[in-house]
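Okay, thanks for coming, everyone.

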Amino acid sequence: MSRPPFLTLPAGAAAYRLGTARGEFAAHDARPASAARGTVLLVPGFTGSKEDFIALLEPLAAAGFRAVAVDGRGQYESPGPRDQTAYGRDELALDVLAQATAVSAATEDPVHLLGHSLGGLIARAAVLKDPGAFSSLTIMSSGPAAISAAQQARTKLLIDALTVMDMESVWQAMRELDPPEAADAATPPGVREFLHQRWLATVPEQLIATGRQLSAEPDRVGELAAAGLPVHVLSGEVDYAWPVPLMDEMAERLSAHRTVIGGAEHSPNVERPRETADALVSFWRGMG
């Protein structure tokens, strides 16, 4: 679970509901002071939300890019039905395409798409449906197929709990399983309460359906390579969901730009946001 370092939006950023052809999505939108070099759509991962990108908003806007982070359907402040079929991979990919259309409506320019973890799989699916909707794809801390066997086992435990327990009970059970290094003392009180409220606001069917996707995702790297879109594979130097060598290999298969953020693990957007923003901007500027 990503833990944003803070929750205050930077100056010039706004929180609002992004209207699309597939409904409204809670969004954070940071715009540069002058004409934007491009628009970036940021898609969060499993158990995540738009707040996971909050530390990227200011540096991306300062570099001249409009950055829009969204809650997917059923995540935190975006509504979603109590129906697992609503959270299939294709449904979520169509949401991303609708979001991209909405954020690019004023300029009609394709957006740079970034997906973190589960969001990387969803973003990939969106690109495969319509590569022309995007200028580039950044896959952050996300691999070629399903998560590691250890994480599949952990995710199955969570899914099993969600089928028989309410969200508060599952939250308390997860807290009891936290290792000592994940103690609340390391998390600011405001962020600690936010994590709890985000969990309670997330639709359990969303977690069940997407958790199963993480454990069953097929390898679609060949399809993505054939799409011809510029791709950036970015990760920390350690990752518990997909081993870093697996992401190295995926980048080679894609002929993708590859960045490893030193000192970061599964959430470089949270753990090393400045370095992550610099790497993203370098990739986007180097495309031309």
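When I say buried, I mean under 20% relative accessible area; exposed is over 50%, and partly exposed is in between, using a 1.4 Å probe and protein chains only. Before we go on: this is a predicted model, so to speak about local features we need pLDDT of at least 70, side-chain atom pairs count only at pLDDT 80 or more, and totals for chains, interfaces and linings use all residues. Residues are numbered from 1 along each chain as its sequence is written, and side-chain values use heavy atoms, with hydrogens and water left out.

So, helix 2. Helices here are DSSP runs of H or I with at least four residues, strands are runs of E with at least two, and both are numbered from the N terminus. Helix 2 covers residues 89-103. Which of its residues are buried? They are Leu 92, Ala 93, Asp 95, Val 96, Leu 97, Ala 98, Gln 99, Ala 100 and Val 103.

Notice the Asp in there. Asp 95 counts as buried, at 2% relative accessibility, and its side chain makes a salt bridge with that of Arg 22, 2.6 Å from N to O. By salt bridge I mean a side-chain nitrogen of Lys or Arg within 4 Å of a carboxyl oxygen of Asp or Glu. Arg 22 sits in the loop between strand 1 (13-20) and strand 2 (23-30), so this pair ties helix 2 to a part 73 residues away in sequence. Arg 22 itself is partly exposed, at 29%.

There's another pair: Arg 73 and Glu 91, with their closest N and O atoms 4.0 Å apart. Arg 73 is in the loop between strand 4 (65-70) and helix 2, while Glu 91 is in helix 2. And what are Arg 22, Arg 73, Glu 91 and Asp 95 linked in? A network of salt bridges.

Last stop, the inside. A nonpolar core is a set of buried Ala, Val, Leu, Ile, Met, Phe, Trp, Tyr and Cys residues joined through side-chain atoms within 4.5 Å. The largest one has 58 residues, and Leu 113, Phe 134 and Leu 254 have the most contacts inside it. Helix 3 (residues 118-129) gives the most to this core, seven residues.

Key
Expected span 1.5 Å × (residues − 1).
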